[in-house]
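Here is a short briefing on side-chain contacts and a pocket. Keep the structure in view as you read.

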Amino acid sequence: MAPSRRKRAANATELLDRRSRGIRDAGTLVRHNMKVLRGILLQDNRGFIKAWSKTSKSTITYENGKIYFENYQNCYSCVHSEPQVLYKLPKRSKLEKFEDALLCQSPLDKTLASPSDHKPSLLALTANNWLYRLSAETGEELQRVYLSPNHKFRYLGWDVSQQMFYVKSIQNKETSLARQAGITQNTVLHLAIFNVFPLQIVGILEINKKVFGNGVTDVVLSQGVLVVSYSNKSVKLYSFEHIVQKYLTEKLTLGNKSSLLGGRTVGDVPFGIPVNIQITDCLPVLFEVSCADNCVQIGGYPWHYIYTPPQKKHKGSHHICSLKDSMMATNGIQNMNCCSLESDGIFFHPDDSGRIIHVGPTTINVLKILGELNSSLPSKVVEDFSMATHRNNSPTSQVTVTSSGRTVKRRFHQLDDDPDQETFRMVEYEDELDLLAVVVTNGEEGEGRARIRLHDNQSGQLLRMVDLVEPWDETYRHELFFDKDTIVHIEQKNTNFCCHVYKLTADRK
């Protein structure tokens, strides 16, 4: 028997040579690089230091290594040790201002007709119904489409799994004058759906009361499903594939002529894109549930959904049920039983493991669903791992005695998310490093401070902590992004916004 050969670590030259000969694919190399970066990040002689701050009067947005200021007009890159200006667009008029934007990158496994289609781009919707595709690196206009002279489009949303996005119009509201005149507004809103690689129209459809019923409050597209929310707290799901197959009246192509426009060009001024998905009868409902805040989440394996029943007695509880037959999972009611200003949050883990993250002020539970695909038995929800804050657990006396000897009884118990105590605020997942970034605040010394705890995503083990320099005032809105060697903290203070950037460096101690 031949002696076993010890596995030797390959250096960068060997890795590149193997890749050139097809022994290692690009994905393997990227995963190896991320493993190296994770190891460096967790070394004792490395740390995150505050490298940059910038304030703005308008909303600040972070996406994939880029920070957008002034309503997406100014873009900064976070690739360097300090953010650098990537581009600044010319000032736009009120009519041409960006209403919403999405950043997109083409998949590596596709060959596209135009070289520009392979480059990251920013999809921007303007107030006057233009959809622009801009280069994410230079801001250069790559493509533009005029949507419609009739419908006011305002919002953009992703259906990532289908490589589609949608543009949603504002809702048509019935005026008091129309009601007095007996005029009924049948149309609720319009959706324009696009394939993104390359940019191409799928169709525009009308959401109306005749087909979808009364009380429609919102519509989104997710995982190939049209999700419709109602004022009676119900949510209904419809197959978008079925809608297109049955009700598409004409296949449209941007830049080509359409009979629906009398032979005019699709996506040009002044006619834009016609409504080419005409739903004429009631649709089959894939799934329906009544839930608080019209909030239902679908995920896991096998498929499950999380919701809170609308009845008051269920407030604060989260029910986990099988999507196949709505059977409640064993241990499927999760409740933190916390007394706090901010309610606890629960969501399917973004790492596609099918796990669930339940975030409360003092505890974070990572749960997993155990169940077989075709089993008649209920699935089971079990704890994978848990994290807890470090608090002084000695009970606070509800009765105090003043210096004069008068007894004073406290009328309120301390809240679980009281700013003076160590409290979990949010959880971010860094998919390339497989780390969980948990924001913990503590105001024991009179001023709110925040710390980021980095945990291993598979075991929950605490690996290191990062202190934020700036104070954390919980009365304002905060966002935190953890992206490889960069941490971005965006906060709002009154009417101002501020962005703080931390970079990984060698410790200066």
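Start with a network of salt bridges: it links Asp351, Arg355, Lys368 and Asp384. The model is predicted.

**Salt bridges**

- Side chains of opposite charge can pair when their charged atoms come close.
- A search of the whole structure turns up 17 salt bridges.
- Glutamate 137 pairs with lysine 66 in a salt bridge, and their closest N and O atoms are 3.3 Å apart. This pair links distant parts of the chain, 71 residues apart. Lysine 66 belongs to strand S3 (residues 66–69). Glutamate 137 sits in the loop between strand S8 (130–135) and strand S9 (141–146).
- Is lysine 66 buried or exposed? Its relative accessibility is 9%, which is under the 20% limit, so lysine 66 counts as buried. Glutamate 137 has 36%, so it counts as partly exposed.
- Aspartate 483 and lysine 484 also form a salt bridge, at 3.3 Å from N to O. Aspartate 483 counts as buried because its relative accessibility is 14%. Lysine 484, at 23%, is partly exposed.

**Aromatic rings**

- The structure holds 13 aromatic pairs.
- One of them joins tryptophan 130 and tyrosine 132, with 6.3 Å from centre to centre. The planes are 40° apart, and the pair is tilted. Both tryptophan 130 and tyrosine 132 are buried.
- Tryptophan 158 and phenylalanine 165 have ring centres 6.2 Å apart. Their planes meet at 75°, which is over 60, so this pair is edge-to-face.
- Phenylalanine 165 is buried, with a relative accessible area of 0%. Tryptophan 158 has 28% and is partly exposed.
- Trp52, Phe69 and Tyr76 form one aromatic cluster.

**Charges over rings**

- Phenylalanine 69, a member of that cluster, has the charged end of lysine 54 over its ring, 5.5 Å from the ring centre.
- Tryptophan 130 has the charged end of arginine 144 over its ring, 4.9 Å from the centre.

**The second largest pocket**

- This pocket has a volume of about 560 Å³.
- Its lining has 28 residues. Asp293, Thr308, Gly316, His318 and Ser343 lie nearest its centre.
- Strand S21 (304–307), strand S22 (317–322) and strand S24 (345–348) each give two or more residues to the lining.
- How many lining residues are nonpolar, polar and charged? The lining divides into 10 nonpolar, 12 polar and 6 charged residues.

Key: Residues numbered from 1 in each chain as written. Predicted model: local features only at pLDDT ≥ 70, side-chain atom pairs only at ≥ 80, totals over all residues. Heavy atoms only, no water. Phe/Tyr/Trp six-rings, centres within 6.5 Å; stacked < 30°, edge-to-face > 60°. Buried < 20%, exposed > 50% of the residue type's maximum accessible area, 1.4 Å probe, protein only. Lys NZ or Arg CZ within 6 Å of the ring centre and 35° of its normal. 1 Å grid on protein atoms, 1.4 Å probe; cavity = no way out; pocket = protein on both sides within 12 Å on 5 of 7 lines; lining within 4 Å. Points joined across faces, edges and corners; volume = space filled by probe spheres on them. Helix = DSSP H or I, 4+ residues; strand = E, 2+ residues; numbered from the N terminus. Nonpolar A, V, L, I, M, F, W, Y, C, P; charged D, E, K, R; others polar. Salt bridge = Lys/Arg side-chain N within 4 Å of Asp/Glu carboxyl O.
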